[in-house]
Amino acid sequence: MTRTPRILLIGCGGAIAVVLFAAVVLVGSYRSVFNRLVALDEGVQAGWSQVENVYQRRADLVPNLVATVEGAADFERETLDAVIRARARATSVQLNPGSLDAQALGRFEAAQGALSGALSRLMVVVERYPDLKANQNFLSLQDELAGTENRIAVERRRFNEAAQAYNTERRGFFVRLVADWSGFEEAAYFEAEAGAETAPEVDFSR
């Protein structure tokens, strides 16, 4: 009779130890997964910052381009105005890197695509002005715009790679539970339309 309480006490102590051990393992696993998600999310946000930087670089070049073109006699004002309006729309779309959902990213991409289209149309018109194509300012802008367009393509691809790595990690069963509990939303991708990966023609020297 005197041994029964001791057996119960030992049994209860063992159960408590198992529960405590499981809790420690669970908390450790949660912290490990949380830290991985933080690191991958930081990669997505860093990639987005680079995307914004190269698009802003292009926007910063547009006023110089417009100013140079305006010096040409009888240059089509409507074409220039279209570029100016497209630039204003593109620079007005500002996204929070912490909430890059598909809808917001789609608005950003549409605005930037409109600017790409306006610049492409401008370059077609430039073909009618041989003096403009020989202008040293144009030759300089040719290199800068072409390099920027290529960089845009590179940074978009890198952003998509970072978003894919994050989303792939997030799809794991336990990881997804941690992500949902901790507010880690799925990252959106750039989904370019056919031909959008091609930089606008900016060769003024032809």
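**Reading burial and salt bridges in a predicted model**

Student: Glu-149 is at 7% relative accessibility, so does it count as buried or exposed?

Tutor: Glu-149 counts as buried at that 7%. Buried means under 20% relative accessible area, exposed means over 50%, and partly exposed lies in between (1.4 Å probe, protein chains only). Before we go on, remember that this is a predicted model, in which local features need pLDDT of at least 70 and side-chain atom pairs pLDDT 80 or more, while totals for chains, interfaces and linings use all residues. Residues are numbered from 1 along each chain as its sequence is written, and side-chain values use heavy atoms, leaving out hydrogens and water.

Student: Which residue forms a salt bridge with Glu-149, and how far apart are the closest N and O atoms?

Tutor: A salt bridge is a Lys or Arg side-chain nitrogen within 4 Å of an Asp or Glu carboxyl oxygen. For Glu-149 the partner is Arg-58, with 3.0 Å between the closest N and O atoms. This pair links distant parts of the chain, 91 residues apart: Arg-58 sits in helix α1 and Glu-149 in helix α5 (residues 136-170). Helices here are DSSP runs (H or I, at least four residues), numbered from the N terminus.

Student: Is Arg-58 buried or exposed?

Tutor: Arg-58 is buried, because its relative accessibility is 1%. Glu-149, as we saw, is buried too, at 7%.

Student: How many salt bridges does the rule give in total?

Tutor: The count is 10. Two of them involve Glu-155, so let us look there. Glu-155 and Arg-151 meet at 2.9 Å, N to O, and Glu-155 also meets Arg-158, at 3.6 Å.

Student: How are these residues placed along helix α5?

Tutor: Glu-155 and Arg-151 are four residues apart in helix α5, which is about one turn of the helix. Arg-158 and Glu-155 are also about one helical turn apart, because three residues separate them in helix α5.

Student: Which is buried and which is partly exposed, Glu-155 or Arg-151?

Tutor: Glu-155 is the buried one, with a relative accessible area of 3%. Arg-151 is partly exposed at 37%, and Arg-158 is partly exposed as well, at 40%.

Student: Which residues are linked in a network of salt bridges?

Tutor: Look for Glu-70, Arg-77 and Asp-81, which are linked in such a network.

Student: Where does Val-69 lie, and how far is its C-alpha atom from that of Leu-80?

Tutor: Val-69 lies in helix α1. Val-69 counts as buried because its relative accessibility is 0%.

Notes. Helix = DSSP H or I, 4+ residues; strand = E, 2+ residues; numbered from the N terminus.
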